[in-house]
Each structure stands twice: as structure tokens, then as C-alpha cells.
Amino acid sequence: MSPTRRAFLWSTVLVAAGMVVVRAATPFRFALTPVFLDNDAAVLSALRTALAYGIANEVELVQRRTYQEITGALLDGSVDAAWTCGYPFLQHRESLTILGAPVWRGQPRYQSYLIAAADDPATDLAGLAGGIHAFSDPDSNSGFLVTASDLGRMGQTPETFFARTIFTYGHRNVVRAVAGGLARSGSVDGYVWETLAEAEPALTARTRVVARSEWLGFPPFVARTDRLSEPGIAACRDTLLSLRQHSAGREALRLLRLDRVEPAEPGLYDGIAARMAEMGRLR
Amino acid sequence: MRVGWFQNLSVSVRVPLVVAGLMVALGLVASQGVLAVLGNLQDARLREITRLHVEGLSVALGPFVPRQDVWEVYDVLDRAQQAGDGQRLLLTVVADGQGRVLAATDPHRAPVGSNIAPFLLEAAAPGDVRMTGDPVLRVAAPLMYQGRDVGRIVTELDVADLLAERRRVAYWLLFGNAAATALLGLAGWLVVARLLRPVGVLVQAMGGETGVPHAIPESRMPRGDPGLMRLFSTYNAMAAAAEARAEAERRLAARERFVSLGRLSSSLAHEINNPLGGLMNAADTILSYPDRPEVVRQSAGLIQRGLAHLRDVSRAILDQNRLDRTDQPLRPEDFEDLRLLFGPEAAARGQTLEWRTLADAEALGHHPAAPVRQVVLNLLLNAGGAAGQSGHVALEVCSDAQGLHLQVCDSGPGMAADDLARLMTSGPLPPGGGVGLRLVHDLVERLGGSIRHDRTPDRTVISVSLPAGRGADA
């Protein structure tokens, strides 16, 4: 081996080693959306601990206000993986891949709830016409798409059906807006409402579920398809799918009121896709 | 007057009462001052709370109000309500530049999109807010963002706790001051009452129930206080002098009855001597002509008439001086007696005596005989003396529903000032002169009557009115 070739090999090894060191020093950035109770510090701490257990690296939980910001960060590589909603996943289906889907109450599905104040006489969506309605996020399935598409089926849009709509950028905020009387009705994630009913019963007691949607695919964990081969992403997927196998994972699942995370196919979100298609046709 | 009862209290009671009253007034003024300071502190605290609240909200809401971000405005208000002094902030309403409500802590009261105008009514600026007695105060302020007025904030403050604190302090002040005032008032009372005890003794000695000053007994003399001791000794000396003088006046008055008769003695002696001469002549005639029955009978008749006159004169003198007649009712005969006593005096001076008694026996019977006789006799003697030789003296007695009226006139030159003072006033007796007119004054006063003096160019008229209904035992 010539000195020049040896020097090249050594330099290559050193650079590679340096890259590994740099790589190891960069935390794994996991993005969260208001899909769950992101205001609970204990939940955040448990989730970070559980992810760090399997990824063997520092985990940074990234919180943004909207799905759009999270999706943008995921697509531009600012974050490595995200727990997002089925609706934005389907919007960028060609770029994103499901790492796993949470199982809640025995199945990887949830419902969208249409809620109103506890003493509101409305019995269905039609009865809520003319009031102020609180949505969670324009890119949320349960917090927007379901109600918007239901209105579409009625030949209405949120702007024509309701006196005013507001976006609260959080399912918990939707419950707060309705419970506090700011809005007459709201579209909320059924999983979040049920979890709140256990954690903050005084809050949900001031609301009432007027209507429930069909069962739809639970908000998935996703990553960019072209980065699936990266060790961190793979470790993240393995960690999510094996949360029940270590105490930190079980604690995170307990706090999140989830059974486990299981592999999922895009077909799980066909119901959401159908509603998207309906909305697309209306446009 | 209403304060009469207070003035009737003794000095030793009045002064401590005034001291206690002043302490109560002082307590009230002090309490009012404390409450005013508390009110100012509470107002300042309220203004500070309001200012911080409005400024804090302006900073937090500034970016959201121009964007009409209903949720963010509500979120800020809701979280502000939960935190800090949220219990004081009953309601906060935020409106945009057009006065439309963006959000409120209680959207039921101020729905999104409604007009904020009703909430601006009776709302004060943060710098002007103050306690008004209303448990809920409303404050309105412009919402400033980047130097622009972008909306309005209205806040309702619950100040019931501050009002309750004020009430509590007022009650405690009232209770504390009442207790302190009562304690100090009692202490002041005791101290001042002790200090004024000698004055009370003096006041009691000076007037008492009888109105007659009397000496302070030796046992009640303030031996520990030389100044007061001197005062008491001086008072005792004055009281003794006054007592001696009163005693002298009493004796003079008692003697006056004899004095008045004494003044009549020469005329009365003449009145007795005249019939005595006739009687002696009649006796001589009987002795000279015992065998002439018609002469004896005529002389005996003369003797009988003379003796009857003497009997009347002596009875009048006795009646004037008999002490056991003091309670007898006045009769017409009493005026006949007076005429009998005074008539010779007037005759001796060649005076004409006009005598009119118009009051009947029943009207006279309501008045006591002795003092009225003394009054009339003294006035007649005074009038007779003033009228002089060949003068005119008149007495008129009449009665009506008001009582008995006696009027004595004379044609004299009028009463001297000293005599008038004796008759009309209760002041010290002027030196010299008798006490007859003063006796008239005292008797009439004791009978509840009044005296009037009138002077015409040629007549002096003394009118005495005695009220009916005093009875003979007055």
C-alpha cells in the first residue's frame, strides 16, 4: 500500500469516524402535533424516555402549533419523524411512510366527535347551524375534515353553515372553547375527548357528544420515505413497535391510554381518503 | 329648652359628661380618619391591580386583536383568569377597533361579535377607579398595540372582599373605639368627678333643695387643698353672715307688726283717752245724781257705748298681733279692724280717708287674714306718712276671677327711690329706713302675688294682686 493510498484510507476512516461522532451528537428530532394532550409534561417526559430507550440517542421532542408546520419540517428534514394525523399523511402520501399506528381500545382506529355545550339541545350537526364552531386545525381529520365533509354532503361549507368558525390548534382547546361558551360546537378527536374525560372530567362534563363519525385510521407515526434506511429512523420504528416490551414504553403507553403501536398499511386510512376525495370533488 | 335638663345637672356631673362626650367625638373623628386612609389605600391598590391587569393584557393580546384571532384572545383571557388574581376579575371583555366583542372570559355574557357598548356604561378609566360601595366595579381602557389604539378592554372587578374588609375594619374601629372611649370616659368621669367633688359640696351647700345657703360641715372641708380650704372657709363665713342677716330680717319682720302698731300708738291712745274722758264724766254724773234715774240711765248708756268702742279698739289690736290667727281666712271684719286702727291716724293728720271694700266675704275667704292685714296696714301707714297734713288716702279692695286686688293711693309727693327699692325688689335693704315696705314685698311674694307702682302727677298708687286659689293656708 503506497503511502498516498494509506493516507487516503486513514483520512477516509477519520472523516467517517468524525461523521459518526457528529451524527451521534445530533439528537433525534421527533415532532408532535396536538393530536394528543401535548400540554401534559408527564406524557412528554415519558414519551421522550421511551423513545430514547430504543433509539439509544438523545431525543428532542419538537412541538409546533399546526400540522402544516410539522409536515413542512418533516418534509424539509428539520425533524426525523412525527406523530401526525392521517389527513396530512395522505396529503403527502408519496413522500411519507407509516412507521406504525397506535392501537386504542383494541384497534388502530378512532372517531371524530362533534361536541356541544352540555345543555345544548342539538341532536345532530344540522341542529348546530348558525352557531360559532371550533375546529382544531385545517389539516386535522377529526378536527376539521370530518365535519367539513359532512357539511359538504349537506351541500354546505363551514363558512355558510356556521355563523363563525375558529381554529384553536389543539383538540383540548376545542373542548375548552365549547366548555367555556366561546363556541357553540366543536370538532374534536374522539380519542382526545375520551382521554380528557378521564384526566379532566370537569372540563368534558361541560360538553356533550352530539355525533360520532365512523371509525377512521388512528393518527400514525410517519417518516420521510427516502430516509427510512437511516439507522435513527429504523431504530425509531423498532422502538415504537416494541414499546410494550420495556417499562419506559409501557409507562408512556399507560399515560397515553394506548394499547400498543403496530405496523400499519396506508389502506387503514381509506376512510379519510374517501372524505378527502369528497371534498376534492366539491371544490 | 331641650338642654334644660342638662343645665339642671350639677357641675360634678356635667363636666365629666362633657369630657366623656369630647372623648366620643375624638373617637369618631379618629375612626373617620382611619377609614379614610383605608379607603385611599384600597383605591390605590385597586388602581394598581387594574393598571397591571390592563397593561398585561395589552401586551399579551396586542398581536391577536388586529388579526381578529378569536381563539388566541380567548386563550389569553382564559389563562389570565385562571392565574393570579383571577377571583377578583369577574369578567374581561375584549373588542376590536369597531367595538365588536372578540372574546370574553364569559362568552355567555359577551358573545363573540356582539357590541361592547353596554359594557362601557358606568365604566371608569383605570386611573380613576375607586371604591363606590358597589361590590362590582367596571373598568374600561383602550387596547394599545405598537402605539395604536386597536381595541377596547373592559373588566369587571369583584371588590366585595375589599368592601367586607372595610366593613370589618369599621366594626372593629367602632367596637375598639367604643370600648376605649367607654374606658377613658369612665376614667375621665371618675377623675374629674373626684376633682370636682369639692365644687359639688360647695354647690350643694349654696343651694341644695331649700335654696337656702348653709355652712359646709367641718368633716367635708378639703383639708388637703389649701386653696379650696380658703375658699370653703370664706364661703362658710359668708354663709354665716347671710344666715345672721336673714335671721335679723326675720326678727325685723316679726317686730314690724308691733312697730306698725307702735306707730299708731299715739292716735290709738287718743282714741282710748277720748271715750275715757266721757266715761269719767258719766261716772261723775251718776255719782252726783244717783237719785235721778233718767240721768243715771242716760249716763249708763254713755258708759256702755264708750266701753264698746274701747272693746273694739283693743280687739283690733289683739287681732293684729295674735299669732294663732295666722291661718285664719280673711273676712270683711278684718278691713273694719284696719279702718279702726288706721282711721284715728288719718284723722289726727286731718287727712281724708276714702275706704271702699267691694270684695265679698267668699272672695276674701280664699286668702289668709294675717299677711293680708299686715300688707294693707303697712301700705296704709306708708300712704298716711306720705300724704302729710290734710292729705288724701284711699283704699280699694275688689276681686275678680284672677284674685284679690288691693289698691292704696295717697296724695303725697311720691316714693323715694330707697322706699321703692324696698317695696319692689328683693335686693339688699338700702341703709336707713324701716323694713315695713320690704315686709310687704316678701309677704306678697310668698302669697304668689304681684305689686305694681304707678305715679301720676298728684297721686301715688300701689296695687297688689293676690291670685285666687292659693287658699287661706297659703
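Predicted model: local features only at pLDDT ≥ 70, side-chain atom pairs only at ≥ 80, totals over all residues.
Local features rest on pLDDT of at least 70 and side-chain atom pairs on pLDDT 80 or more, while totals for chains, interfaces and linings use all residues. Residues are numbered from 1 along each chain as its sequence is written, and chains are lettered from A and ligands numbered from 1 in the order in which they are written.

Chain A holds 12 helices and 13 strands, taken as DSSP runs (H or I of at least four residues for helices, E of at least two for strands) and numbered from the N terminus. Of its 283 residues, 48% are buried, that is, they have 20 or more other C-beta atoms within 10 Å of their own, with C-beta atoms placed from the backbone. Contacts are pairs of residues whose C-beta atoms, placed from the backbone, lie within 7 Å. Among those in chain A with a separation of 6 or more, 79% join residues 24 or more positions apart.

The antiparallel strands β6 (residues 112–117) and β10(A) are joined by 5 bridges, and Leu114(A) has Ala211(A) as its bridge partner in β10(A).

Strand β4 (residues 96–103) of chain A is largely enclosed by the rest of the structure, because 6 of its 8 residues are buried. It runs antiparallel to β12 (residues 221–224) of chain A, with 4 bridges between them; here Thr97(A) stands opposite Ala223(A).

Turning to the partner chain, 11 residues of chain A are in contact with 11 residues of chain B. On the chain A side, β8 (164–167) and α7 (171–179) each give two or more residues. Helix α7(A) packs against α3 (residues 70–82) of chain B at about 75°, with axes 11 Å apart. The two helices are therefore roughly perpendicular, a term for angles of 65 to 115 degrees. Asn173(A), Arg176(A) and Ala177(A) meet Trp71(B), Tyr74(B), Asp75(B) and Asp78(B) in this contact.

How values were computed:
Contact = placed C-beta atoms within 7 Å. Axes fitted to C-alpha atoms, helices over the stretch in contact; angles between N-to-C directions. Parallel < 35°, antiparallel > 145°, perpendicular 65-115°, else oblique. Buried ≥ 20, exposed ≤ 12 C-beta atoms within 10 Å, placed from the backbone. Pairing = 2+ DSSP bridges.
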